[in-house]
Amino acid sequence: MDTEAKWTYIGSITTPVGFTRFSLFNKHGAKLRAALIMLNAILDFLGSGVLDMVPMGPERELINRDTEKSLRDYFDVDKNVVIQRLGRDSIIMLRVNPSLMVRMLMSCNGNCKCYVDDVITKAKGNITKYRDMVMNALSRLGRIFNIETPRVLLTHNPTVFGKIMLMGREEVITLSVWDILRAQVFIGGEPTVDGISDIIDTVVHEFLHYLLDKRYLIPAAFIEMTKRIPSVFDDGIVHELITWTLTPSVSRYVAQCIKYGNANKVNIIDTYLIKYPVKRRHVIATRKVINELVSFLDGSCG
């Protein structure tokens, strides 16, 4: 075992088919299998501290398929997964971005014993605080916007921090274990408004997507303001334009509610944040929906 790093034992798994060889070849298929083994082990370990957020049965199967598809289609496995062989042991390293990387050591002799590095161990210590902050924020969002809030489940998808997933006929907010790793730098000590805002940023963003879907706000605004039925492309553009623009303001507003019990009123927002060019019809529909939603941010916390 690698004695230079601090490793925490998280459990054993049956030796995966081909595991004793994949670290020798380090090929794409081997890296994909290693990443999936690692992600499932991390989700189980972190999720054991917040069992109410752990997907089970068909929901876990759906989340597993979604993660595998994302790894195949959107994640550079060859670049961001590294397997290091140490005798009978293998260290799997997975990188999401330059500042976010985790490692898992697998020691195999019959079954494989799994160990994670201190990044994951620290996240396990913070996960209850993270869950409590997320659920507090979601409860307040439901009261502010007068809507029933969705369930929240964990996923292990490394390509997103959160996303809305359809479970049967129900929309569910899924938060990635990578969002917990991202947010833990802000957890600890007396939380500030800025710190709370950073922690809840992802769940606020996904809630806004959920709110737009449930209230059918975009089609109604688009038809009223442009006199045309929105295409799927139009709907997607306006969705992102609204959520990217509103998330910072709504996150800070909810953070103030959590910290103080009240918040500063949010005035009209006229600067739209998005990562790609938009057309006039998208902007005018977006403006109407944003102004409608901002009217709920009147200083009260529901």
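## Disulfides and confidence

In this predicted model, Cys 108 and Cys 112 are joined in a disulfide, with their sulfur atoms 1.9 Å apart. The torsion about the S-S bond of this pair is about 110°, so the disulfide is right-handed, and both Cys 108 and Cys 112 are buried.

A search of the whole structure finds two disulfides, and the other one links Cys 257 with Cys 301, whose sulfur atoms lie 2.1 Å apart. The link of Cys 257 and Cys 301 is left-handed, with -90° about the S-S bond. Because Cys 257 belongs to helix 9 (residues 232–260) while Cys 301 sits in the segment after helix 10 (280–294), the pair ties together parts that are 44 residues apart in sequence. Both Cys 257 and Cys 301 are buried.

| Disulfide | Sulfur to sulfur distance |
|---|---|
| Cys 108 and Cys 112 | 1.9 Å |
| Cys 257 and Cys 301 | 2.1 Å |

When the bonded cysteines of the protein are numbered in sequence order, the pairing reads 1-2, 3-4. Cys 114 is in no disulfide, and the nearest cysteine sulfur, that of Cys 112, is 6.5 Å away. Cys 114 has 2% relative accessibility and therefore counts as buried.

As for confidence, the mean pLDDT of the protein is 89, and 91% of its residues reach 70 or more. Confidence is lowest in helix 1 (residues 19–25), at a mean of 47, and highest in strand 6 (residues 152–155), at 98. Over residues 17–24 the pLDDT is below 50, and this stretch has 16 contacts in the model beyond near neighbours in sequence.

Note on methods. Residues numbered from 1 in each chain as written. Predicted model: local features only at pLDDT ≥ 70, side-chain atom pairs only at ≥ 80, totals over all residues. Heavy atoms only, no water. pLDDT = per-residue confidence, 0-100. Helix = DSSP H or I, 4+ residues; strand = E, 2+ residues; numbered from the N terminus. Contact = heavy atoms within 4.5 Å. Disulfide = S-S within 2.5 Å. Buried < 20%, exposed > 50% of the residue type's maximum accessible area, 1.4 Å probe, protein only.
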